[in-house]
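Please consult the sequence and the structure shown here while reading.

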Amino acid sequence: MRMRFCYGSIVIFLLAALAACSRTNTGTSTDIPHLRKQGTATQLIVDGKAFLVLGGELHNSSASNLEYLKPVWPRLKAMRINTVLTPIYWEFLEPKEGQFDFSLVDGQIRDAQSHDMRLVFLWLGSWKNSMSSYVPDWVKTNQDRFPRAQDRDGTGIEALSTLSAANRDADAKAFVALMRHIKEVDGQRRVIMIQVENEVGRMGDTRDRSEAANKAFAGPVPKELLDYIGSHKDTIHPELRKAWDAAGSLTSGTWEQVLGKGARTEESFMAWNYATYLNHVAAAGKAEYPLPMFVNAFPSGPNRAPGMYPSGGPVPEVADIWKAGAPAIDFLTPNSYDPNLTDLWTRYHTANNPLFIPETNGTTGAHTVFYALGQHDAIGFAPFGIDSLGVPPGTGTPTAPADLPLTQSYEIVTQLAPLILENQGKGKMAAVLVGPDDPPQKIPLGNYVLEVSYARTRRPPIAAPAKPAAGGPPALRSPAPAAAGGFPGAAQLADRAGALFISVGPDEYIATGSGPVSVAFSPNTPGAPIAGILSVDEGTFVNGRWVPGRRLNGDENGQGKFLRLGGGTSRNGPIQRVKLYRFR
Ligand code: DGJ
């Protein structure tokens, strides 16, 4: 008996030790961060639970020095940021070919751990904003071995060519070393996703003009792509479908035979080449450690032709080519500096692509997080240049984190995160961005239609948009830095209010946002024709549990006429619960 007990204990002990080892060292496939569908939404699962990325992306070179980052961490934590998007530079990771230095990787994982934050690593390998500024010296200085893209006159540019297996394999080798290392050291799963490269594409031209590229462009469209187009013809982008149909829906032929002559065809050719290159890199990395991986785009737009944004990057017009060429990339994301975010995000949030915002303007767009989460089930949101948000140049005093609009938005979303995650993909959430000049917006949600109007108490004016710097027409440059809201339309964006609604019962909503908005309700189902407000309560969520504050049934809701978010003389709280009833 004694003996048996003893053996049993040993066996249990060994099994427990084994389980602990597999958790801390390599992990099981279920506890590695991964994506999972919930209804129509795609969620990021971290530590076995759905996770909302309330992020911020560092300036490009901030992560090249761990000392520089020391005071940044506590400030980001105080801003309620839970995830830092931070670069890993090929030049530091592999300073000599085959010799790896993981000190910046390890340092950031360690610091994220001590601040209880997560990381999204941005792999700055072959390209950063279409150029190859972060490749190691041994790559930069060996043009024969690592060929560059070329201009029309045959001059090389400081951007590696996609048409080179040597470029691709060298990048993939470094990326594999990175992913293997993360797997070995990151038992606590601090690193939750990877962005592969940054804003890839050919800038200033529609395609690479190197000899290898000319030859490939004059050659056949790869069969895999044509098969994809043929088998997805009913769902591909209308422009791609139109071009393919117009050329005779061919199942073989050169790029110009299959898609016609023009800038979009050259862009499609580049998209295929970037997609397959990045797919090779991502797939090799995933074979080591399969974290979710995405790419980001400098978006196309109504007044921007390919080349005015990086041609071949993951923009909606060529998204199908990316999906066909890069199955190892989980989703395509928009860098979101344009004022028309509603349109941009609708173009990226599609049946086969969830929305994630890797870069946006934290000064003028803090309220847009409500729209991204409520209307588009976004996986997360991250303003760019987060380490300088609210930090004036020179010796000026930084804005206290608590006073930043971004912190205020993130504080609310942190409270609501369990409810938002529970409702993603179920058709129970909606959100609006509404400005002082917009007509009221009608949103059917649950049993009611919500009519959302901008309530005319303006926010304090924001700084005028920065003048474009000299050095090229604005459309040819990258979106402007976050600091002063320096892009056309920043003022209109900042002027809008964001509001998010969750239907939590047949006659009940949780509403939040940045205000100032008022919301009137009307029935959306048969029955008594008038919707009345039974009650509006302000409150907070503490560990996911609703804790009511004041009842707002007086001036605060117009004596039962509407729900009012943001401001108002009685300072209605930012999270409110409204209960409705019907009468004749
Ligand atoms: C977009 C790029 O992706 C970032 O790395 C940075 O260059 C910003 N533009 C600057 O506004």
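## Basis of the report

The structure is a predicted model.

## The sheet

Eight strands make up an open sheet with parallel pairing. Their order across the sheet is β12-β11-β10-β9-β6-β5-β4-β13. At the edges stand β12 (359-360) and β13 (380-381), each of which pairs on one side only.

Within this sheet, strand β4 (residues 53-57) runs parallel to strand β5 (residues 83-89), and three bridges join the two. Gly-56 has Val-84 in β5 as its bridge partner.

## Helices packed on the sheet

Helix α14 (residues 341-348) packs on the sheet, where it touches β10 (293-297), β11 (331-336) and β13. The direction of α14 makes about 170° with that of β11. Helix α16 (residues 405-423) lies across β4 and β13 and runs at about 155° to β4.

## The pair α15 and α16

Helix α16 also has a helical partner. The axes of helix α15 (residues 368-376) and α16 come within 11 Å and cross at roughly 10°. Because angles under 35 degrees count as roughly parallel, α15 is roughly parallel to α16.

On the α15 side, the contact is made by Val-369, Phe-370 and Leu-373. On the α16 side, Ser-409, Tyr-410, Ile-412, Val-413 and Ile-420 take part. By class, the residues of this contact comprise seven nonpolar, one polar and no charged.

## Nonpolar cores

The largest nonpolar core holds 139 residues, of which Trp-123, Ile-194, Val-196 and Trp-322 touch the most other members. Helix α12 (residues 263-288) supplies the largest share of this core, with 10 residues. Apart from this core lies another, of 25 residues, including Tyr-448, Val-452, Tyr-454 and Phe-501.

The surroundings of Val-196 show how one of these residues is placed. Beyond its neighbours within four places in sequence, Val-196 is in contact with Trp-123, Phe-175, Leu-278, Val-281, Ala-282, Met-293, Phe-294, Val-295 and Ile-329.

## A glutamate in helix α12

Helix α12 also contains Glu-267. Is Glu-267 buried or exposed? The relative accessible area of Glu-267 is 0%; since buried means under 20%, Glu-267 is buried.

Not counting residues up to four places away in sequence, Glu-267 touches Thr-206, Pro-306, Tyr-309, Ser-311, Gly-312, Val-315 and Val-318.

Technical notes. Residues numbered from 1 in each chain as written. Predicted model: local features only at pLDDT ≥ 70, side-chain atom pairs only at ≥ 80, totals over all residues. Heavy atoms only, no water. Core = buried A, V, L, I, M, F, W, Y, C linked by side-chain atoms within 4.5 Å. Buried < 20%, exposed > 50% of the residue type's maximum accessible area, 1.4 Å probe, protein only. Helix = DSSP H or I, 4+ residues; strand = E, 2+ residues; numbered from the N terminus. Contact = heavy atoms within 4.5 Å. Pairing = 2+ DSSP bridges. Axes fitted to C-alpha atoms, helices over the stretch in contact; angles between N-to-C directions. Parallel < 35°, antiparallel > 145°, perpendicular 65-115°, else oblique. Nonpolar A, V, L, I, M, F, W, Y, C, P; charged D, E, K, R; others polar.
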